Every structure is written in structure tokens, then in C-alpha cells.
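Trainee: I am new to this one. Can we go through it step by step?
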Amino acid sequence: RAVAMSVSHSSRLNKLVREQYMRLPQDGRVQVTYVWIDGSGEGVRCKSRTLDKEPKSIEDVPEWNFDGSSTAQAEGSNSDMFLVPVSMFRDPFCLDPNKLVLCEVLKYNRKPAETNLRHTCKKVMDLVKDSHPWFGMEQEYTLLGINGHPYGWPDNGFPGPQGPYYCGVGADKVYGRDIVESHYKACLYAGVKICGTNAEVMPSQWEFQVGPCEGIEMGDHLWMARFILHRVCEDFGVVATLDPKPMTGNWNGAGCHTNYSTEEMRREGGLKHIEAAIEKLSKRHDYHICVYDPRGGRDNSRRLTGHHETSNIFEFSAGVANRGASIRIPRQVGQDGCGYFEDRRPAANCDPYAVTEAIMRTTVLNETGVETKDYAGH
């Protein structure tokens, strides 16, 4: 008896029929899909509108609004929220000249919504721009069937133990490569700075990397890459979860390791600047843990156990080529005496704006303690 795969109903609709409509000309008009982060701080929402001509820059895309009471961002009695376009990409689903546009969310009084963490991140990145901070983030995720069970796992059991799956090849070792490769191509088409992908240690778990990106661009590109991932998964009828520990037990969790450098770290002799930054991070561990997942560290506490290639959430550690440390200095960087380091603490469902902002506050703006400074006057 053939095992029925747990995929959504809509993925079984006839895609050839859809193609017939997608080929129709648009008469010079353009479909623009506005994408934003909802009240959970993790989910993305979208809606589309028609513009009379192709926008050439983000300034050509008008502000819009939506019902915040339906996204956990406002009350029904005062529910209009503003969508402010901030970053534009090509649309890999509807193709050129159509666009995907990432937006910030503002409340009725034009103040940033609670989950609009881009707003303060942008202020901080503007303050530190002379240090030219580069980031690369490694987004791990897990593919689930529509029943919430990891995609491709036996219905009433578990696959064999971890070992053959990481960067694996073969039908008994990897599940869902079609999704991964479709996502990669879609990101390249869109203009997202995706730079790689691989199968992860737990079967049905994958990773893609975005970067190097400078400053605010890191958060913009990672959020759009996440939106594209969810949208690709929709076509295939499966779910991508960013849960940091989707399966309890002897399985790896999912992180969003963040690689970081400033211009002085990348120059000859930069290792001393890397070590100085790590020293600052060591004194502010609790603050970073608090902002490295959307629930103040509670999600990460399930993942950062000191096992499964993680550090312990209660202790700060650093080392060369050590995947069990909070901060890893790559061996090549140790040899070259310059380069970057990797913060392995952010959870898979972190907000990249929060992570990159926190790193800049601690390592460049020299903040200490758990409180953050308000740079509104700058």
C-alpha cells in the first residue's frame, strides 16, 4: 500500500491550469506584493495591489494600510496600520515586472508597531555605519507535513539516528530537496543575497545562508528569504517551521548562527578587534539571550542545552573552531589573524533586526548591562 504524503489540499490543484493564466500579458501594469511581519514577531503576512507602471525604486511604491486587529497588531476599534515600503525585490512567483516589497509597520499615530524591530535597528546601523558592519546569517529550518510531523519521517516512528543526514545525498538520507532548490532559485531571482544551502544534521532539517550584507540590509534580506521559503513551501503543500527545537529528544535544534565583522576586524591584525568584541559580548550574555528569540530566551532554553552542537544558555564561552561554544572563531580566521566570528546563540526564529542591533550596541556602541540606550537625539 502506498503511503499518502501529508501535504496540503491546495498543493494538489492543477498547476498546469495555473500556468495558462500566469502567461497572460499585464498590459503594462504591475502587481506589487507588500510583505510585513505580524504581531507574533515571527509570522509574515502579505497582500497585493496593482500599480500603473513598474516601480524603479522603493520611493515609487506608495504607502498602504491593513487591518491590524487581524494580525494581532491592533484593536478592532482602531485597527488601521500603515505599511511603509523599505526594500524591493523581484517577484519569483509572478515574475517580472512584478515586485515583492518588504514594509515596516506603523501604528495609527505613526509610531512603530511593537514587532517593528527594524525601526530602532536602522537608527543604530546609521550611527555605526563608519565601522561597516558585515553580517551573514545561517537560517536553519525544519520541513513538516501538514500534520505537523517532520516531512518524510515514518508516520508512527522515527528515522535512524543522526549521522548520515548532514549534507547528505540519497533518497534515504534527505527529504524535500525539491523545495530547497526551488527556494534557492527563487531567492536568486528575487535579488536576495542568498549565498548557500545544505541539508542539516536532523533529517528534514535544512539551512540556507544569507550574506554578506551590510547594516540594515541583513534583516531585510533574511526576512524576504523567509517569506519566499514559506511561499515556496505553500506550492509544495508542506510547512517550514523556524521552531528552535521542533523535536524533543536526541535531535539537533535549529539556530540562526550570525557571522559578523567590522572593517577593522577584516583588516590585517583584526584578530585583536575580534577578541575585544568577544570580551564585550561575554559581559552582556543575559541581554543577548533575551533578544535572540521572540520570547525573551524561553524558546532558546529548549535548544541551548550544551548538547547537540550548542553552548549552555546559562554560560558564555568562546573558542577557535568550537561548535559547542557561544562564539566560534573559525580556524582560518585564527590562522589569518583577521576576518570574522560567529555568534551561535540566536534561535532559528530570532528577529535578525534584533540580533544585529544588539551586536552593534554591545561591540561598537559599547553598551553594558541589560538596559539599552535611546539614540533618538542623533
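Mentor: Start with a term: a pocket is an open set of grid points where a 1.4 Å probe fits, with protein on both sides within 12 Å along at least five of seven lines. Keep in mind that this is a predicted model.

Trainee: What volume does the second largest pocket have, and which element gives the most to its lining?
Mentor: The volume is about 450 Å³. The elements that give two or more residues to this lining are H2, helix H7 (285-291) and H10. With 4 residues, the most comes from H10.

Trainee: Which residues lie nearest the centre of the second largest pocket?
Mentor: The second largest pocket is lined by 24 residues. They divide into 11 nonpolar, 5 polar and 8 charged. Nearest the centre lie Leu117, Thr120, Val291, Ala354 and Glu357.

Trainee: Why do the buried residues of H2 line one face of the helix?
Mentor: The buried residues of H2 (residues 118-127) are Arg118, Cys121, Val124 and Met125. Seen down the axis of H2, they line one face because they fall within an arc of 125°.

Trainee: Which residues are exposed on the other side of H3?
Mentor: Take the buried ones to begin with: Ile179, Val180, His183, Ala186, Cys187 and Ala190. They cover an arc of only 130° around the axis, so they sit on the same side of H3. Exposed on the other side are Asp178 and Lys185.

Trainee: Which element gives the largest share of the lining of the largest pocket?
Mentor: The largest pocket has a volume of about 580 Å³. Among the residues closest to its centre are Glu138 and His257. The largest share of the lining, 6 residues, comes from S6.

Terms used: Residues numbered from 1 in each chain as written. Predicted model: local features only at pLDDT ≥ 70, side-chain atom pairs only at ≥ 80, totals over all residues. Heavy atoms only, no water. Buried < 20%, exposed > 50% of the residue type's maximum accessible area, 1.4 Å probe, protein only. Arc of directions from axis to C-beta. 1 Å grid on protein atoms, 1.4 Å probe; cavity = no way out; pocket = protein on both sides within 12 Å on 5 of 7 lines; lining within 4 Å. Points joined across faces, edges and corners; volume = space filled by probe spheres on them. Nonpolar A, V, L, I, M, F, W, Y, C, P; charged D, E, K, R; others polar.
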